[in-house]
Structure formats: C-alpha cells, structure tokens
Amino acid sequence: MSADQQVSRRVAVVTGASAGIGAATARRLAAEGFHVVLGARRVDRCRRVAEEIGGTALPLDVAEPASVRAFCERVPEVHVLVNNAGGALGLEPVAEADEENWRRMWESNVMGTLRMTKALLDRLVASGDGHVVTVTSIAALEVYDGGAGYTAAKHAQSALHRTLRGELLGRPVRFTEICPGMVETEFSLVRFGGDEDRASAVYQGLTPLTAEDVADTIAWAVTRPSHVNIDQIVLKPRDQHSVTRAHRS
Ligand code: NAP
C-alpha cells in the first residue's frame, strides 16, 4: 500500500525510521493498527522495515527543505507525526566547538522538527484527532560538559514543541514530548564518528533502555483516549540518575 492509496487506517509519519527508536516506533505503531510512513536518508533501510509492517518508505532529509516538501506532498492524510530524526555529533567543549557539528545538530533536531511540523500541522488538525510526538531527550532538561551543541539543540527543540501545545490549544491535536535517558541504538556510534569502542563504553556496566522501551512509551501516549494529552514523559534506565550520574557495576 502506498501513502497515496492509504485511506482507511489511521496514518502515522515517523521521521528517522531507518534505525533505533524510529524503526522500533514504526513497528510498534503498525502493531497498534496504524499505516506507517517511514522517512530517513537511508531509505533502503526504511524500505526493509516498511515491507515487514505493510508501511510506506519515502526518502527524507529533514535538514533539506526540498526533501521535506517532496516527502510531505506524498502524505495526503496524517493523524500522528513522530518527530524522531536527529542525534548528537561530537563531545567537544564550547571552547573547541566544531561549528559544522553544531549546524548539523540544529538542522536535524530543531529545524527538522520545525519543517515537518509546519508542513503537516494543517493535515493533523484536519484529521480531527491529530497527535505530534517529539523525541527530545533528558539533554533537553539538563546540560553537561562537552554536550552544549546537543543540549542546546535539544532544549530548542523542546521549546519549539512545547510552544505548539499553547498555540494549538482548542484545536483537535495533541502534543507529547518524550525525553529518554540512555538508549542503546546507533546514537553513540554516530556521535563518535563510527568509533565502536567509544560508543560501547557509554553503555558499559548498566542496562540501558532499548529502542523498543521508548517505542512502547510512544505507543502508550498515542493510544490514550483523545481527550487525554500526555504532555511530557521522562524515561531512563533504573541505573541512570541524570545525564552525568549513573550507577555502573
Ligand atoms: P539512531 O539509531 O542513530 O537513529 C537516528 C535516526 O535519525 C536514524 O534513523 C537517522 O536516519 C535519522 N536521521 C538523522 N539525521 C536525519 C536527517 N537529517 N533526516 C532524516 N533522518 C535523520 O539514534 P536514536 O537513538 O534512535 O535517536 C533517535 C532520536 O532519539 C534522536 O532525536 C535522538 O536525539 C533521540 N535520543 C536518543 C537517545 C539515546 O540515548 N539513544 C536518548 C535521548 C534522545 P538516516 O541516517 O538514515 O537519515
């Protein structure tokens, strides 16, 4: 089934659905009965998930306005938008900030969420029961040394998302912010430019959240009765207290 042909089932758009939390969310929302439209730059990976769940895979780079436009033109109807695309690049202190990394983090996390939400908002409202879920992070709530590029972007993404809750008050659309702590995905591998040792060290000595744990939380928020708005959910591994403090055995 293509997004254009989809009429009967509720439609969920998931950005960054080629890996991690996005792919798990696509699978989980399909299990909840949604027709899922998956978007990411690695569309071949989205296609594999789409084939598995009877969804639709389309190329999407949320950092490129033309790509967002082309993607959204293929989605005539949408009930749920999951703004998940994003991530971190580098861990350098502000004094050594890599401006290109900062720009890319802002483009994917902040401008990507803005572009996708702006493009689909009218259709979400017109559905009569729309829902925007934005995956920010505990990095949207806290700061840590070396993390300013990412925490600044996540704080901004969170501010943008929470502003919409007020601006759309009285319209048939809900807004849920998901703030995960440590989740073992490709996140750290991307952050550290493919350095597997550095990436796996992040999760050593504790049991991190899985992408499925976060997908489960998103699915729960989305499947509440439509008069119930889950504003914000913070979820962390039991052994994680904050961005800087964890118990490791
Ligand atoms: P991941 O496994 O690296 O997945 C990131 C996803 O984002 C990929 O599908 C990637 O797809 C997509 N993406 C990145 N830039 C994009 C762009 N410009 N356009 C379209 N898609 C893009 O990491 P993850 O942990 O699942 O991350 C998902 C979200 O959760 C991110 O927003 C991240 O900040 C947030 N988060 C993660 C953690 C954690 O510990 N893992 C904690 C809190 C919050 P392509 O590369 O194929 O485009």
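These legends describe close-up views of a predicted model.

**View 1. Strand β5 is buried along its run.** The strand spans residues 130–135. Six of its six residues are buried, so β5 is largely enclosed by the rest of the structure. Gly130, Val132 and Thr134 point one way. His131, Val133 and Val135 point the other way. Both sets are buried.

**View 2. Strand β4 pairs with β5.** β4 covers residues 80–83 and runs parallel to β5. Four bridges join the two strands. Val82 stands opposite Val133 in β5. Between β4 and β5, the chain passes through helix α4, residues 99–126. This β-α-β crossover is right-handed.

**View 3. Strand β6 also pairs with β5.** β6 holds residues 173–180. Six bridges link β5 and β6 in the parallel sense. Val132 has Phe175 of β6 as its bridge partner. Helix α5, residues 148–167, belongs with β5 and β6 to a right-handed β-α-β unit.

**View 4. The largest nonpolar core has 36 residues.** Leu29, Val36, Leu38, Val82 and Ile218 have the most contacts inside this core. Elements that each supply at least two of its residues include β1 (11–15), α1 (20–31), β4, β5 and α8 (211–222). Helix α8 gives the largest share, seven residues.

**View 5. Val82 meets residues from elsewhere in the sequence.** Set aside its neighbours within four places in sequence. Val82 is then in contact with Val13, Val14, Thr15, Thr25, Leu29, Val133, Val135 and Ile218.

Note on methods. Residues numbered from 1 in each chain as written. Predicted model: local features only at pLDDT ≥ 70, side-chain atom pairs only at ≥ 80, totals over all residues. Heavy atoms only, no water. Buried < 20%, exposed > 50% of the residue type's maximum accessible area, 1.4 Å probe, protein only. Pairing = 2+ DSSP bridges. Right-handed = clockwise from strand over helix to strand, strands pointing away. Core = buried A, V, L, I, M, F, W, Y, C linked by side-chain atoms within 4.5 Å. Contact = heavy atoms within 4.5 Å.
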